[in-house]
Amino acid sequence: MSFPRYLILIITCLSMAKYSVAQQVTDILDGMAQCPIPTYPQLTATQSTEKSKAITILADKSGINKNKVAKFTGNVMLINSQQTILANEIELNRESSSVKATGDIHFQNKGIDIFADQLNISESLGATTLKNTQYQLAGIAGHGGAGIISVSREGTLSLIDSSFTTCYGASPDWQMNASEINISKDERYLEAYNARFSVFNVPVLYLPYFTIPIGDDRQSGFLYPEIGNSGKSGFTTSIPYYWNIAPNIDATITPKYMLKRGSQLMTEFRYLHDEQQGQFDLEYLNQDNEQEDNTDARYLLRIQHVGTFSERFRAFVDYTTISDDNYLVDIGSKHYNDNDAYLYQTGELAYFADSWQAKVKLQDFEVLGDNKTNYKALAQLELASHQKIDVLDGLFDVYSEVTNFDNADKTQVTAQRYHVEAGLTFPLVTPAWFLNSEFKILQTHYQQDNIPLESELEESVSRTLPKVRFHGGVNFDRQSHFWGKSFTQTLEPQLQYLYIPEKDQSNIGLYDTTTLQDDYNGLFRDKRFSGLDRIAQANQYSWGITSRLLDSANQEQLRVSIGRIVYLNDSNFTFEENQGIVADASALAAEVYARINSSWQFSSDIQYNTEDDVTNKSQTSIDYLFGENQTIQLNHRYTRDVSGITLEQLSLAGNVSINKNWQVISRVTQDLQQNRSIETYAGLQYQSCCWSLSFAYHRYITANFDEPSSNNKNRDEFNNGFMLRFSMRTKDITDMFNSSIFGYKRPYFLNN
């Protein structure tokens, strides 16, 4: 006999609705380290994906009473293309257009397995119900039970007196119970009434109503709340609301309450159109209760955009501004660190042709605190061209720029800079050696205005300098034996000669120029300063040697580099004073990396002044990796001169597993020059296969950008607070390991 069409449609609705539940929980628990998931054997062979109306009923016995009721008993299996129902007995009533299944019911499709005592399908009521159910979502740990699972004629799925958890056992670690959960097939969202969350059978949260999206489509709704505490803001809580405006536009609106400061509104607006994407962020606090003498609003605004208008045009914008210098210190933001001293304000439009490119830039930095105002480039036009020539695979390069420098302080000098750099480069590169030659002319013109009296600066300055540069190196390797093992040992010497004649530049102001880092890689630059306001005299050669040990898998086990610059001229000018100093050579720059074994790693770099017998800068790290997600790192940083101040810090960071569920995370940073603590971070995390709980205490030094004359009694030198977070997702331990202001510095990266 054929199965009535209405029965097929109703069961199909049940299948589709339950599959939506499985998909939604997959989205919610994405990335979670799951508990071992029970699996159930497939009741039938792989079904066709086509929505066939034909069904098959298999049973030990069957019978028909007066051509009205068909009854199947004994291992009854009802099969169609979408799902399978297994029961002790199934009864089809043609007169009432209903189906009734009883006894050890097992409903199965691609998304879910449901076990029930009774299943009823009624065309007159337009509903399908399963009673006393237990369900297991396919492929993920989500499971639970419901007194009744009901499917309406329209496809709405309701779970009455239902539960949900991702933990297993007679008493799950956490569980959600709800009086009713409704899932609309058309709207594709889940709504829960009287939801109660419990941990170890202890109620911890009650929500009378909440919704979450279902399926792959983004849906508007509330996200997980966030709770924290800090010494500066007190107890804080925020509840984000996600607004799905359009397929390519969305927003997140987050009301945040801070016990000490008041209510803040944070908004994030995102858009995506063709190859354009961007984001607008606004954080707004109408009045800060902690500020006694200031009732002005406090805010942060950030605009970001990146995109290409065609194959050749590219645009980039990153602009941030804040209401006052101490906004980040007092309130904080996800966009910047609490101790950042400036904000990016950059806009750029670039065009790329086959052999040349053009770029227009607007660049500024909002400097925080009582510092000298900086110059902004409004605007800067750059043109660059690269033409191949037939001699030695050479290139004819031309780079030019026109820059207008302005300053918010109207008493400062303003300037227009015109620069052209043209010449020939000959890059010769082989696997065994390389030699790059460069011959260029640098022409710069400055038009400077608003020059104060008795200043060395001049209104019109032209500077013409030639530049000659040769940079070459050789790569040697051989098989060597150390410590009873075979290695490939390399020897990589390199040499550079740089010549730029001496030129008095004291009549040029400093607009975008500062000293560059003198580390090992910096030995082979062609400049000592960023920007173009100072082009250092050079009659010098740089030498450097690197040697490596590579194992049979070509993995680096040891690397040692050392080098320096030797000056052939009698003097070099300093950046600050623009006057000559006698110097035979730069500081000696060295780097060492050693992978002692799979557990121990050592890395260090140093810049050592051999003439004064002092260390200019150094950083050393020792890492001990003694298990999965178990690390201890000792880090020492030293800088002899940072704006006339010596910095020396010692940090100890680590995370240690107490057992398979508990981990301790800590970091301590000490200022060795002033003998005080800079930061203390201690965290404890419990993590099972279905939930995690994190607790952390954090105390760290903060910046203060108030003017010396101000008197704000509510701003402390240190900020401290704790965080307590429960999650139905397991968390990567690095979330806590990187929560400090310095963060965890992995080996190999010695300049971070």
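Let's start with K68, which forms a salt bridge with E95, the closest N and O atoms being 3.4 Å apart. A salt bridge here is a side-chain nitrogen of Lys or Arg within 4 Å of a carboxyl oxygen of Asp or Glu. K68 lies in the loop between β2 (61–65) and β3 (69–79), and E95 in the loop between β4 (84–93) and β5 (98–108), so the pair ties together parts that are 27 residues apart in sequence. Helices (H or I, at least four residues) and strands (E, at least two) are DSSP runs, numbered from the N terminus. K68 is partly exposed at 40% relative accessibility, while E95 is exposed at 61%. By those words I mean buried under 20% relative accessible area, exposed over 50%, and partly exposed in between, with a 1.4 Å probe and protein chains only.

A quick note on what you are looking at: this is a predicted model, where local features need pLDDT of at least 70, side-chain atom pairs count only at pLDDT 80 or more, and totals for chains, interfaces and linings use all residues. Residues are numbered from 1 along each chain as its sequence is written, and side-chain values use heavy atoms, with hydrogens and water left out.

How many salt bridges does a search of the whole structure find? The search finds 26. Another one joins D324 and R298, with the closest N and O atoms 2.6 Å apart. That pair links distant parts of the chain, 26 residues apart: D324 is in the loop between β21 (313–322) and α2 (327–330), and R298 is in strand β20 (residues 298–308). D324 is partly exposed, with a relative accessible area of 22%, but R298 counts as buried at 1%.

Now have a look at E438 and R469, whose side chains meet in a salt bridge of 3.5 Å, N to O. E438 sits in strand β27 and R469 in strand β28, 31 residues apart, and both residues are buried. These two also belong to a network of salt bridges that links E421, E438, K440, K467, R469 and D526.

Let's step back to the chain. It has three helices and 43 strands, and 44% of its 752 residues count as buried.

Is S561 buried or exposed? S561 counts as buried, because its relative accessibility is 3%. Leaving aside neighbours within four places in sequence, S561 is in contact (heavy atoms within 4.5 Å) with Y520, I545, T546, A589, A590 and E591. S561 and G544 are 17 residues apart in sequence, and their C-alpha atoms are 7.0 Å apart in space.

Finally, some backbone geometry. Most residues other than glycine have a negative phi, and most peptide bonds are trans. Which residues does a cis peptide bond join? It joins L378 and A379, with omega about 0°, and A379 is in strand β24 (residues 375–388). D274 has a positive phi, near 50°, and is found in the loop between β18 (262–273) and β19 (276–285). D274 counts as exposed, at 69% relative accessibility. N554 is not a glycine either, yet its phi is positive, about 65°. N554 lies in the loop between β31 (538–550) and β32 (556–567), and counts as exposed at 56% relative accessibility.
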